[in-house]
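Welcome! Please take a moment with the sequence and the 3D view before reading on.

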Amino acid sequence: MRLRYIAHAALALGLAAPAFAQETMETVKERGVLNCQVGLPTPGFYALAEDGTWSGMDVDLCRAVSAAIFGDPDQVEYQSVTSAVRFTSLANAESDMLSRTTTWTAVRDTQLGLDFTTVNFYDGQGFLVPADSGITSALELDGGVICVLTGTTTELNLADYFRANGMSFTPVTNENVNVLVETYLGGGCDAYTNDKSGLAARRSAFPDPNGHTLLPETVSKEPLGPVVRQGDDAWANLVRWVVFGIINAEELGVSSENVDEMTSSADPNIARLLGSEGNIGEGLGVSPTFMVDVIKAVGNYGEIYEKHIGENTPIGIPREGTLNALWTEGGIIYAPPFR
Amino acid sequence: MAVIHNPDPSDSKQRGVTRLFYDARIRSIFIQAITLALVLGFLGWLTLNTMTNLAARNLSAGFDFLDVSAGFGIGFTLIPYQESDTYLRVFFVGIMNTLLVAAVSIVLATVFGLIVGLARLSNNWIIATLSRSYIELIRNTPLLLQIIAWFFGVFVLLPRPRQSVELGEAFFLNNRGFYMPAAVPEPGFGVVTATFLACIVGTIALAIWARRRRDRTGRHFPAFFTGFGAIIVLPLGVHLALGSPLGWELPELKGLNFTGGVSVPPSFCALIVALSAYTSCFIAEIVRSGIQSVSKGQLEAAGALNLPANWTLRRVVLPQALRVIIPPLISQYLNVTKNSSLAIAIGFPDLVSVWMNTSLNQSGRAIPIVAMTMAFYCLVSISVSLVMNYYNARAQIKER
Ligand SMILES: N[C@@H](CCC(=O)N[C@@H](CS)C(=O)NCC(=O)O)C(=O)O
């Protein structure tokens with residue numbers, strides 16, 4: 001905690017080493033590792049195994065960018081910090097990018113010196129209550145004590161929702177999601193609120209996941225995606241197009257299993273994606289076949305989804321019929337074309 | 001061989017310059033000027049560097065965000081606050097919460113520290129050992145750990161609202177907080193308050209008069225006890241005479257939680273208990289050393305004069321002990337204020353939590369927010385040292 005204040009102070013005094021825009025790619029290549037910021041270990045999105053390896057939907061994005069640059073998904077140094085300091089840490093150049101269920105908002109995009117690249121998960125805020133409380137709707141939470149993470153859009157939406165519905169609440173806040181969840185499980189609040197994906201992820205790690213109910217209301221829009229520092233357009237392009245590439249791969253039927261055969265595909269869209277045709281990699285400052293490395297390492301969007309948060313995982317977030325289905329299947333996961 | 005000393009005209013001028021350098025007053029002015037220039041230059045460079053860095057990072061600076069509405073809820077506020085209030089309001093909410101924690105902890109720590117400190121001097125072996133173990137145990141455990149232990153080990157584990165611990169249908173303790181009745185003044189209560197204030201002013205005047213008279217005539221008047229009695233008895237009398245113009249609003253269980261009355265969250269309770277216990281240990285040691293610093297001869301002299309025991313304490317021991325006790329005591333009070341920032345670990349909305357953390361993150365205005373926080377803590381520290389210097393100057397032994 002101390003260290004963070006020193007970082008704030010250093011930022012305030014303008015003493016921090018100026019890590020200037022336009023150079024992230026060179027810095028990363030020179031360093032040989034990508035500093036990728038994730039949150040405190042959360043199942044499905046940025047989970048930490050006992051042997052110290054990270055995995056998850058957001059972690060796979062770090063690995064994908066590393067694969068695009070180095071041809072190797074493991075040249076990543078994970079930086080795990082609380083939600084409350086994520087933007088300072090990124091603005092301070094402690095990390096090169098942030099991939100951690102972060103909501104794209106106007107203030108964040110325009111006033112924090114940050115750039116949101118794109119959206120890789122469409123989420124919304126919900127409430128989790130103990131099943132034995134008998135609560136079945138968020139509208140029954142009037143006068144409730146609500147556990148909420150500080151420094152998030154969650155705490156702002158919470159206030160908005162109660163205000164809009166003429167209800168009152170008392171927030172119990174913490175910047176550390178683990179402390180907050182402990183408080184909720186200990187009965188210190190009537191409900192725990194977060195992005196619904198986050199709730200599902202946390203709940204999967206509860207001692208008794210079935211002892212808790214997710215209320216039906218979705219009270220906000222939470223488009224989540226990777227973020228970079230503002231001012232380095234080339235770097236933002238790379239991160240953005242790696243995500244687009246992963247989405248296009250699913251749409252075109254390219255997966256980690258068939259990517260090698262697909263390199264000789266006759267479909268010009270696939271040929272351009274995998275670099276057997278055209279020079280898209282050049283414009284991004286990486287090898288022409290960067291998407292081959294990316295897909296080999298992490299798979300396409302659908303593979304990543306099913307592996308980490310899909311219905312066959314403990315998190316179990318269904319995809320079919322939700323916003324996160326491909327646009328061709330009624331969702332809004334859609335990427336501009338590789339051409 | 002005679003050496004003819006041929007004075008060089010430039011020599012005297014040089015000696016003039018050298019002389020200037022050897023002149024302590026001029027030299028010190030010179031050094032001060034250079035230091036000042038360096039400091040100003042450094043500050044200028046810092047400002048410029050900050051501005052360049054901020055611009056390079058596309059970060060917003062400036063204080064214009066202060067009148068933007070903050071938009072988040074705060075779990076406990078001493079002054080009225082709602083989500084649509086401004087960031088500036090959040091700053092004051094944080095300051096008031098910090099000061100409240102500090103004030104309550106200081107009072108509790110002082111009372112408890114005094115008791116433990118005296119117990120430590122007791123001739124009774126059990127009492128002395130108990131208090132000593134208490135001090136060693138609490139003082140040598142990290143404060144953060146104690147705060148977290150009290151929060152998770154005690155206050156979060158309390159029963160849920162429906163099974164609250166209840167005291168006379170007026171006080172309730174559960175894992176959402178501690179609820180007590182709120183006083184609601186009714187017409188006429190202003191008179192009681194006015195009587196109370198008048199009694200305080202009267203007591204101060206009485207004390208001054210009694211001291212002057214004692215200095216003049218040597219006769220004693222028990223101003224302290226008279227005044228203290230008046231402060232309690234008179235307002236109480238007026239209160240009863242007016243038919244108790246004070247209503248009480250009791251907390252009651254409505255829906256999910258208690259409403260009405262006054263309440264504090266578990267994080268506040270944990271913070272107060274941990275902070276006061278921790279600080280009371282240091283205060284106990286300060287009290288003990290202060291009392292032990294009064295030489296035995298003083299007591300023997302008081303005994304020889306046949307002073308009654310409470311006079312020996314009040315007129316001989318305390319004035320001398322306090323001289324040793326007060327300065328370190330005040331710096332403990334300052335420590336409490338600063339240590340209260342550990343509140344963030346358990347989510348109590350003090351200044352650091354609500355301002356340096358939440359507001360900074362939501363608004364992204366690191367510089368003004370860090371600067372304002374530093375200014376607050378700086379102001380508190382400076383005021384405390386001013387009080388301390390004033391006290392020290394007054395409490396010096398007046399040698400005659
Ligand atoms: N999307 C929101 C909330 C982010 C958030 O709270 N993330 C959840 C998971 S979805 C979490 O538990 N994060 C853990 C952490 O940040 O340490 C925001 O960007 O402010």
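This is a predicted model: local features need pLDDT of at least 70, side-chain atom pairs count only at pLDDT 80 or more; totals for chains, interfaces and linings use all residues.

Residues are numbered from 1 along each chain as its sequence is written, chains are lettered from A in the order in which they are written, and side-chain values use heavy atoms, with hydrogens and water left out.

The structure holds seven cavities of 30 Å³ or more; a cavity is a set of points on a 1 Å grid over the protein atoms alone where a 1.4 Å probe fits but cannot get out, and its lining residues have an atom within 4 Å of a point. The largest cavity has a volume of about 300 Å³, a volume being the space filled by probe spheres set on the points. Among the 25 residues lining the largest cavity, Tyr46(A), Ser83(A), Thr101(A), Leu149(A) and Asn194(A) are the closest to its centre. The lining has six nonpolar, 12 polar and seven charged residues. Domain 1 (24–122 + 225–329) and domain 2 (125–220) of chain A both contribute to this lining, so the largest cavity lies between them. Domain bounds come from an automatic or database domain assignment.

| Domain of chain B | Residues |
|---|---|
| Domain 1 | 16–56 |
| Domain 2 | 87–168 + 266–395 |
| Domain 3 | 182–249 |

Taken over C-alpha atoms, the centres of domain 1 and domain 3 of chain B are 57 Å apart.

Chain B also has an open sheet of four strands in the order S1-S2-S3-S8, with antiparallel pairing. Strands are DSSP runs (E, at least two residues), as helices are (H or I, at least four), numbered from the N terminus; two strands pair if DSSP finds at least two bridges between them. S1 (165–167) and S8 (262–264) of chain B stand at the edges with a single partner strand each, so one side of each has no neighbour in the sheet. S1(B) pairs with S2 (171–174) of chain B over three bridges, and Val165(B) stands opposite Leu173(B) in S2(B).

Finally, look at Phe76(B), in the loop between helix H2 (24–56) and helix H3 (87–120) of chain B. Is Phe76(B) buried or exposed? Phe76(B) is buried, with a relative accessible area of 10%; buried means under 20%, exposed over 50% and partly exposed in between, with a 1.4 Å probe and protein chains only. The C-alpha atoms of Phe76(B) and Pro265(B) are separated by 7.1 Å, although these residues are 189 residues apart along the chain.

Key:
On a 1 Å grid over the protein atoms alone, a cavity is a set of points where a 1.4 Å probe fits but cannot get out, and a pocket is an open set with protein on both sides within 12 Å along at least five of seven lines; lining residues have an atom within 4 Å of a point. Ala, Val, Leu, Ile, Met, Phe, Trp, Tyr, Cys and Pro count as nonpolar, Asp, Glu, Lys and Arg as charged, and the others, Gly among them, as polar.
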